[in-house]
Amino acid sequence: MWRDMRGSYKVRYAYAITAALLIGGTAIAVGSNQPLGAQTAQNEGMAAAAPRGAPASLADMVERLQPAVVNISTKQRVQVQAQNPFAGTPFGDMFGGGGSGRPQTRQAQSLGSGFLISADGYIVTNNHVVSAGAEGAIVDSITVRMNNRDEYTATLVGRDPETDLALLKIDAKKPLPFVKFGDSTKARVGDWVIAIGEPYALSGTVTAGIISAVHRSTGGTYDKFIQTDASINQGNSGGPMFDMNGNVIGINSQILSPSGGNVGIGFAIPSEQAVPIIDTLRKGQAVKRGYLGVQISPLSEDIADSLGLAKNRGEFVQGVEPGQGADKAGIKPGDVIVRVNNRDVTPDDSLSSIVSALPIGSRVPIELIRAGKRSTVTAVVGQRPPMDKLARFGAQGDDDFAQNDPDSSAVAAKQAIGVAVLPLTPGIIRQLGIDPSTRGVVVAGVDDEGDAAAKGIQRGDVILSANNRPTTTEAELNAAVREVASAGRPAILLQVLRRGQPAAFVPVRLRGK
């Protein structure tokens, strides 16, 4: 094997070898049995075998699907502050811009993909494809270009920013080609898929690959992406992902790339999630989601160890919003919700995704673990409020006890959990600005090398409980730590309050565990 100047590899084949070996004056010929004139090219009559489950060629399938995939472009107006290079000089007013220049309106454009789901012109795409690309920008028009280069002006029927879906409508004088959705719940890792779209404005680009993962989250509340290694690039957003039966099982939405280009990790919104939302938008209705009113966090290894539970089974309740369904059902901070409406809560099927799909007003059983004991409560599902209200529920505040105390930090370095505490006196309560009825111990110092510091615990935080037991004195906190250590658990669960924030549960590992 050798490498040419272009970096590709080539292989030398010897079809006939003739050598003369002189042994005792006798010439012996070693060579091919084929005459030289009978040789054939290596690729003569060759045809690649199709991978199991995939056709020998995708051409027939693509030929039928491509007409239903469209290019989507928007024209936008963006207000920008003009820069005057002569500002502050005697020439500053020569160009009519004054000292800093007048605001100017500039044109911007976005490109993406979409696909027709009906003969009368309904088109599915991503919300970000048809949204303003900059703050203050206004979308003036949305243009749809078909595979045959026919163009239409589209109207926005509806959008759902939280799942990044949008529905458009174009009017044509003839029936349009369209595709139908498939069942993404049957998709398996390793299945073959095809993506068709408009990457970098290259119309009708087809890529193929396999499903790399399902139920993949990239940090969003409702993420249940299908991950694929089929090439997805900028401009593929909103385009369809097809299975080998030609059904849409995903809407290409995101890529993971340090360079902005394809690195073999693309994400598609599964059809099981998209179809109910698209149906709602098509009816002209707003998307409504179920809501319990809880702040939750994954059941991490540290939290699971502190509670003596298996990790990745259930989600931990950090806080409960007063008056909402969870509060009325008796759910409390520190509970672990493991099952909702007869569905297990897992990383692949999160509490948010389960509850959001439940009918508003329905009564559902919720199985939870509290202090090591399982119980079931019934909650009435409410309607998820707007994002700004949710942000206020989980708002972060500032610490008012920030002055470092070296002596307390030195004491903390000797403690099993790396924290030194003091009694919570009325004077400290006033200084911290917390509710006068608060009961607990205040953190006086934290060991910088300990797990408590790594988890964000600070001087001025108030520890309300340890392993779900109230801690109003240092002795009670130490007793809880000893109990955890004697039980062989490597971590303890602290409920910590900081001014301006709801109390949160923080798992802290014992020193050396």
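Q: Let me start with a detail: which backbone oxygen does the side chain of Asn-252 reach?
A: That would be the backbone oxygen of Pro-240, at 3.3 Å. Keep in mind that this is a predicted model.

Q: Where does Asn-252 lie?
A: Asn-252 lies in strand E15, which covers residues 248-255.

Q: And is Asn-252 buried or exposed?
A: Asn-252 counts as buried because its relative accessibility is 1%.

Q: What does Asn-252 touch, leaving out residues up to four places away in sequence?
A: Its contacts include a run from Asn-236 through Ser-237, Gly-238, Gly-239 and Pro-240 to Met-241. Asn-252 also touches Asn-126, Ala-195, Ile-232, Phe-267 and Ala-268.

Q: OK, zooming out. How many helices and strands are in the protein chain?
A: The protein chain has ten helices and 30 strands.

Q: How much of the chain counts as buried?
A: Of the 513 residues, 44% count as buried. As for the surface, the protein chain exposes about 27600 Å², and carbon and sulfur atoms supply 51% of that.

Q: What about contacts across the sequence?
A: Taking contacts between residues at least 6 apart in sequence, 61% join residues at least 24 apart.

Q: Now the confidence. What is the mean pLDDT of the protein chain?
A: The mean is 81, and 79% of the residues reach 70 or more.

Q: Got it. Switching to charges: how many salt bridges does the structure hold?
A: There are 19 salt bridges in the structure. One of them joins the side chains of Lys-224 and Asp-349, at 4.0 Å from N to O.

Q: Where in the chain do Lys-224 and Asp-349 sit?
A: They link distant parts of the chain, 125 residues apart. Lys-224 is in the loop between strand E12 (205-216) and strand E13 (225-228), while Asp-349 is in the loop between strand E21 (343-344) and helix H5 (351-356).

Q: Why do Lys-224 and Asp-349 count as buried?
A: The cut-off is under 20% relative accessible area. Lys-224 is buried because its relative accessible area is 13%, and Asp-349 counts as buried because it has 15% relative accessibility.

Q: Which residue forms a salt bridge with Arg-509?
A: Glu-301 does, with the closest N and O atoms 3.9 Å apart. This pair also links distant parts of the chain: Arg-509 is in strand E30 (residues 504-509) and Glu-301 in helix H3 (residues 301-307), 208 residues apart.

Q: How are Arg-509 and Glu-301 placed for accessibility?
A: Arg-509 counts as buried at 17% relative accessibility, whereas Glu-301 is partly exposed, with a relative accessible area of 44%.

Q: And which residue pairs up with Glu-367 in a salt bridge?
A: Arg-374, with the closest N and O atoms 2.7 Å apart. Glu-367 is partly exposed at 22% relative accessible area, and Arg-374 is exposed at 56%.

Q: Last topic, strand E27. How many of its residues are buried?
A: Five of the five residues of E27 (residues 462-466) are buried, so the strand is mostly covered.

Q: Which strands does E27 pair with?
A: E27 pairs in the antiparallel sense with strand E26 (residues 441-446) over two bridges, and Val-441 stands opposite Ile-463 there. E27 also pairs antiparallel with strand E29 (residues 491-497) over four bridges, where the partner of Ser-465 is Gln-495. Another antiparallel partner is strand E28 (residues 469-470), over two bridges, with Ala-466 partnered by Arg-469.

Q: Which residue takes a positive phi in the hairpin of E27 and E28?
A: Asn-467 does, near 50 degrees, and the hairpin has two residues between the strands.

Key:
Residues are numbered from 1 along each chain as its sequence is written. This is a predicted model: local features need pLDDT of at least 70, side-chain atom pairs count only at pLDDT 80 or more; totals for chains, interfaces and linings use all residues. Side-chain values use heavy atoms; hydrogens and water are left out. pLDDT is the predictor's confidence in each residue, from 0 to 100. Buried means under 20% relative accessible area, exposed over 50%, partly exposed in between (1.4 Å probe, protein chains only). Contact means heavy atoms within 4.5 Å. Accessible areas come from the Shrake-Rupley method with a 1.4 Å probe; for residues, only the protein chains shown count as cover. A polar contact is a pair of N or O atoms within 3.5 Å; within protein, one must be able to donate a hydrogen and the other to accept it, and residues adjacent in sequence count only if both atoms are side-chain atoms. Two strands pair if DSSP finds at least two bridges between them.
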